[in-house]
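Hello,

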Amino acid sequence: MRLLLVEDDDHVATALSAVLARHGFEVGMAHSGQEALQELLHSELAPFDVVLLDLGLPDQDGFEVCGRIRKLTGTPVIMVTARSDVRSRIHGLNLGADDYVVKPYDTGELLARVHAVARRTAAAEPEPAAGPGGAGPAAAGERADDPAAPLVVVGPVTLEPHSRRVSVGGAEVQLTRKEFDLLALLAARPGVVFRREQIISEVWRSSWEGTGRTLEVHIASLRSKLGLPALIETVRGVGYRLVPPPAG
Ligand code: CA
């Protein structure tokens, strides 16, 4: 697995890349946002499987770098941040980061997250198109789900499983991969309470406890993006359920 480590602190970068190499990663290094973007642009022959992005970079704001990486490539991004407040995490996830790790982190936690993100991405990878000519513009984040999958409609919310599009009252809403998966899971059975562990295991394919906070962040982000805070109800101590707005 190829990992691009974006970290300006040489000490941290050296130590971390040694750990990652010991765990079988081929590690590319970038010390600034500019370097990171260049590495990604020139990695077509051996693309990176995941980017570990420190938010505190000397040249550019890490959030900005994250947004630019997302425009450039479908490579999943894990943000590494000392900014532990929920608002900046939501901001990062809105920009298309796949996950985040808060400094100081435990190496085991970091590895678990890297593996989880890489696994998810591999599982979501579309089959290579068999069309003539080959390379069209890559539609990052889209995957070839069953084209015959029917629309899912819950109140004003419409999900298109095939194109992974979501709209509210006809207006398209941009969701991250995980936000879509989460919403699709809840929308499959409106009114039914999904337990936290169940959601984590189905959406994140992990039973790892630390994911609980990630779930909360995604729920908060979904509520805010959909503009329907009451749509997803928190069932205290249990989990979440989708509450369709009353008809009419
Ligand atoms: Ca830094």
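Donors here are N, O and S atoms within 2.8 Å of the metal (3.2 Å for Na, K and Ca); water is not among the atoms, so sites may look incomplete. The donors of the calcium ion follow the spacing D-x45-D-x1-G along the chain. From the protein, they are Asp8 (OD), Asp54 (OD) and Gly56 (O), at 2.1 to 2.4 Å from the ion.

This is a predicted model: local features need pLDDT of at least 70, side-chain atom pairs count only at pLDDT 80 or more, and totals for chains, interfaces and linings use all residues. Residues are numbered from 1 along each chain as its sequence is written, and side-chain values use heavy atoms, with hydrogens and water left out.

Asp8 sits in the loop between strand 1 (2-6) and helix 1 (10-22), and Asp54 in strand 3 (residues 50-54), 46 residues apart. Helices (H or I, at least four residues) and strands (E, at least two) are DSSP runs, numbered from the N terminus. Asp54 is buried at 6% relative accessible area; Asp8 is partly exposed at 31%. Buried means under 20%, exposed over 50%, partly exposed in between (1.4 Å probe, protein chains only).

Next, the hairpin. Strand 11 (residues 232-235) and strand 12 (residues 239-242) pair in the antiparallel sense over 4 bridges. Pairing requires at least two DSSP bridges between the strands. Val235 has Gly239 of strand 12 as its bridge partner. The hairpin has 3 residues between its strands, and Gly237 in the turn has a positive phi of about 75 degrees.

Regards
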